[in-house]
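Please look over the structure below before reading on. My notes follow as numbered points.

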Amino acid sequence: MQLCGSIAEKHERFLSKYKQELNSLERILVLQEEIDQVNHWINSGKQAYVEKRAKALAELEELKKTAGKKVSARNLDAVRQKIKDRESSLVYWRGRAKGM
Amino acid sequence: MAKESKADQLVENFEEDVSKLKGLFSKEEKFWSEIKRLKAERNKLNIQVKELSSKGKRLRSERDKLNEKVALLKKKRSEVIQKIKQLRDAVRSSASEKKTLSKDAGGVSDKIAFRLNKNLGRLLCEEMPLEKERKLFEDTLALFQKLDIAVKVDELQSSILSKYSEIAVLEHQVNTLSDEIRSNAGEAEEKHMESLKVYSELDSVRKKSDEFHKSLVSKYEELKPIRDKISSLKDDLKSTEDEINVVHSMAAKSREISISKKRAERILEAKQKFKDGKRISFDDFKVIIESDGMSSEN
């Protein structure tokens, strides 16, 4: 049925969006960890990491603009749950579209 | 003397017959005058009969044509009435179906379409739990079915309205046809009544014409013995005339013989006188001379 297919497409769009959001959040988390480590190294006198830290900060700023959320484990879990839900819905509607 | 008497008698008879003939001629003339009048009356009435018959036929023909037209119009009206009946039956059936379907649709198509669009919008754009989404999907499917039914209801309604419009047009046609039927039937009735009047008049005029004809025939019959009598009298007169002519001829001959005889006797007497030496008169002498002449001529 065409409507089931269209609903499945909606879920694909949401899924794509949440996956992208999850990637961003995970990258933000990684970048934050990386910046903490680089800061530690710079504070220990390793000035060579200044440039690296600048790059990481720039990327982080850019990602925060698009992600727009406070990165937390809770948020990550919520997005993961959404992906899980959309995937589950997508399976259902794809199956229904084929079945009908 | 007898011959003269017979001739007189014949002349008297002849004159009497002539007088009778004159009387008969006068009578005959009166008959002919009456016959002429009767014939003229009869012929005048016959012309009327012909004209009335022609008029009657024309009126009946016109009446029949009008009646044929009325029959055709009635047939046409009957067909239209039948069509109206069929349409009314169809309307009743559609209305009944519409009523049932309206209950199944549970609303009008516009409202259902609105709800359906809203549901579709949510299904295709909103994020929601699968169970809620499934329920909304099922509701939407039901709305699709209801919309189909509601559209069918709309179609039925449209069809009913269309049929009502058609019925109105056909009813107008029936009214027009009825008016036309009434008008033509009225005209046919008028023609019929007029033809009855004409045929009644025709009957009356024909009877009068027949009466005149009978009178005419009767007059001819009455005239016949008079004409026979005239003919007979004419024959008699001819015969009497011939007879008179014969008698007159005979009388003339007799007179001639008598004159000859007297003359011969006078001649003999004169000649005897002359022979005897007696004195003769100039007339005697003339008689002797003429007789000699006659003798020498003979």
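1. Start with one residue, A:Ala67. Leaving aside residues up to four places away in sequence, A:Ala67 touches A:Glu21, A:Ser24, A:Leu25 and A:Ile28. A:Ala67 itself belongs to helix α2 of chain A. This is a predicted model, so keep the confidence values in view.

2. Is A:Ala67 buried or exposed? It counts as buried, because it has 20 C-beta neighbours inside 10 Å. The cut-off for buried is 20 or more.

3. Now compare sequence with space. A:Ala67 and A:Asn23 are 44 residues apart in sequence. In space, their C-alpha atoms are 9.7 Å apart.

4. Next, chain A as a whole. How many helices and strands does chain A have? It has three helices and zero strands. Read from the N terminus, the order of elements is α-α-α. Chain A has 100 residues, and 15% of them count as buried. Take the contacts in chain A with a separation of 6 or more: 79% of them join residues 24 or more positions apart.

5. A word on confidence. Chain A has a mean pLDDT of 89. In chain A, 96% of residues reach 70 or more. Where in chain A is confidence lowest, and where is it highest? The lowest mean, 89, belongs to helix α2 (residues 50–67) of chain A. The highest, 93, belongs to helix α1 (residues 2–43) of chain A.

6. Turn to the place where the chains meet. Six residues of chain B are in contact with seven residues of chain A. On the chain B side, the elements that give two or more residues are α2 (109–125) and α3 (130–276) of chain B. Of these, α2(B) gives the most, with three residues. By class, this side of chain B has four nonpolar, no polar and two charged residues.

7. Those two helices of chain B also pair with each other. The axes of α2(B) and α3(B) come within 9 Å and cross at roughly 155 degrees. Angles over 145 degrees count as roughly antiparallel. Therefore α2(B) and α3(B) are roughly antiparallel to each other. Their crossing is left-handed.

8. Which residues meet in this pairing? From α2(B) they include B:Ile112, B:Leu116, B:Leu120 and B:Leu123. From α3(B) they include B:Leu136, B:Phe137, B:Leu143 and B:Phe144. Charged residues also take part, among them B:Arg115 in α2(B) and B:Asp139 in α3(B). By class, the contact of α2(B) with α3(B) has twelve nonpolar, three polar and six charged residues.

Definitions and conventions: Residues numbered from 1 in each chain as written. Chains lettered and ligands numbered in written order. Predicted model: local features only at pLDDT ≥ 70, side-chain atom pairs only at ≥ 80, totals over all residues. pLDDT = per-residue confidence, 0-100. Helix = DSSP H or I, 4+ residues; strand = E, 2+ residues; numbered from the N terminus. Contact = placed C-beta atoms within 7 Å. Axes fitted to C-alpha atoms, helices over the stretch in contact; angles between N-to-C directions. Parallel < 35°, antiparallel > 145°, perpendicular 65-115°, else oblique. Left-handed = near helix turned anticlockwise from the far one by under 90°. Buried ≥ 20, exposed ≤ 12 C-beta atoms within 10 Å, placed from the backbone.
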